[in-house]
Amino acid sequence: MSALTPTPGQTIGPFFHFALPFELDREIVARQSPEAVRLHGYVRDGEGNGLQDAMIEIRQADSSGHVPEVSGSMRRDGATFTGWGRSSTDPTGHYWFSTLDPGPTTAGSAPFIAVTVFARGLLNRLFTRIYLPDPGEDAFLASLDESERESMIAVREADGSLRFDITLQGPEQSVFLTFPRHAE
Amino acid sequence: MDGQDLVSKEIEDIHASAPPGETQPRLDFAPYRSSLLRHPTKDLRHADPEGAELVAPVFGHNDVDVLEADLTIQAGGEPIGERMTVRGRLLDGDGRPVRGQLMEIWQANAAGRYIHKRDQHPAPIDPNFTGVGRCITGDDGSYLFTTIKPGPYPWRNHRNAWRPAHIHFSLFGTDFTQRMITQMYFPGDPLFALDPIYQSITDPAARARLVADYNHDESEHEWSLGYHWDIVLTGSHRTPMEAEELA
């Protein structure tokens with residue numbers, strides 16, 4: 001089959017909050033579950049201001065490295081791990097999820113959580129990855145310079161939470177990804 | 001506040017120096033003032049997709065009720081405005097239908113007003129219209145929403161700035177790398193040339209991919225006007241054999 005030209009993206013705009021959030025959207029694992037891990041951080045612009053109108057989605061494997069392909073993310077039953085969640089930011093730019101540490105999916109690669117970022121003022125989505133602390137050997141991380149590598153690794157906080165900030169612009173900018181079949 | 005003339009001149013200058021054939025919006029597009037501090041200044045990094053990036057989330061009819069595809073029946077009474085349908089197919093970059101996948105839409109009402117606390121422009125709320133819809137695509141990638149044609153609305157990018165009427169679409173493919181959000185526009189809108197969000201796509205043929213067709217065969221006698229819009233995601237990274245197994 002011949003390749004088609006993809007439809008262009010556009011910004012999510014300022015008015016998505018009445019449409020895209022849903023109940024338990026960010027609770028991939030019930031918060032009261034003993035295995036729940038809180039993943040959280042701030043989304044910031046080029047001047048360090050938190051974005052009150054950003055939306056983050058994550059996609060990940062379970063702790064054994066299996067990526068689930070099961071429905072039920074929008075009406076969660078409290079038991080099924082679907083491996084996908086959505087969190088809009090609060091007025092300070094803060095997002096959070098209740099999830100699990102992902103296991104490794106690929107031999108020789110470090111486990112990570114896949115991320116997409118949407119925001120008013122951002123004309124197309126951005127992709128990044130959240131690696132777990134102490135990632136070990138990984139070809140992609142090895143291809144980055146030290147400050148870029150560090151910026152892709154979450155910080156484990158004293159209570160076990162993972163902290164990961166996303167900065168859209170400037171010297172502290174996060175590493176954003178493009179994949180082979182993305183149009184330029 | 002800058003005027004339309006200045007913003008239009010900025011758009012014209014960027015378009016004049018853009019190479020032909022850019023298929024996606026520029027992230028760095030100054031005529032859209034909100035992008036100034038929100039576009040990456042470092043190049044995107046090339047990565048080979050791995051693990052969860054190769055597997056889109058899965059949704060089903062346990063997630064979405066079929067009635068959610070009709071935005072005219074959600075609030076108890078008839079919404080005001082031009083009743084319309086929009087239908088088409090969701091395809092991947094190789095032309096394969098994306099079947100059984102979640103589509104979400106949201107939009108302003110016929111007067112150009114969103115149900116959102118930050119939309120305070122003095123146009124009426126329609127108590128019978130929420131402007132939110134969802135569906136799960138069919139086996140051939142098809143979708144159908146019944147709604148009310150949204151109105152254009154003013155915004156504060158520059159003086160007397162108006163967004164062309166549009167419906168927001170949120171889309172998933174078979175890979176997580178195909179995730180996208182976009183906006184569908186209506187044919188012949190006089191605001192296209194003035195709108196920095198639409199014009200952030202520098203190539204005219206690429207911009208036109210966001211404009212639905214009016215399709216008279218899809219209009220219904222004494223009932224609704226039919227618009228048609230097919231959507232193409234980026235390519236999947238699964239091998240053709242894996243894709244067939246999914247089919």
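Predicted model: local features only at pLDDT ≥ 70, side-chain atom pairs only at ≥ 80, totals over all residues.
Colleague: How many helices and strands does chain B have?

Modeller: Chain B has 12 strands, along with three helices. As for overall form, the globule rule gives 18 Å for 247 residues and the radius of gyration of chain B is 19 Å, which is close to that value, so chain B is as compact as a globular protein of that length.

Colleague: And what does the C-alpha trace of chain B span along its principal axes?

Modeller: The C-alpha trace of chain B spans about 55 × 50 × 35 Å along those axes, and 46% of the 247 residues in the chain count as buried.

Colleague: Switching to chain A, why is strand S5 described as largely enclosed?

Modeller: Strand S5 of chain A covers residues 112-119, and seven of its eight residues are buried, so the rest of the structure largely encloses it.

Colleague: Which way do S2(A) and S5(A) run, parallel or antiparallel?

Modeller: Strand S2 of chain A, residues 54-59, runs antiparallel to S5(A), and six bridges join the two; Met55(A), for instance, has Phe118(A) in S5(A) as its bridge partner.

Colleague: What about S6(A), how many bridges join S5(A) to it?

Modeller: Six bridges join S5(A) to strand S6 of chain A, residues 126-131, in an antiparallel arrangement, where Thr116(A) stands opposite Phe127(A) of S6(A).

Colleague: How many residues lie between S5(A) and S6(A) in their hairpin?

Modeller: There are six residues between the two strands of that hairpin, and in the turn Gly121(A) has a positive phi of about 85°.

Notes:
Residues numbered from 1 in each chain as written. Chains lettered and ligands numbered in written order. Helix = DSSP H or I, 4+ residues; strand = E, 2+ residues; numbered from the N terminus. Rg over C-alpha atoms; globule rule 2.2 N^0.38 Å. Buried ≥ 20, exposed ≤ 12 C-beta atoms within 10 Å, placed from the backbone. Pairing = 2+ DSSP bridges.
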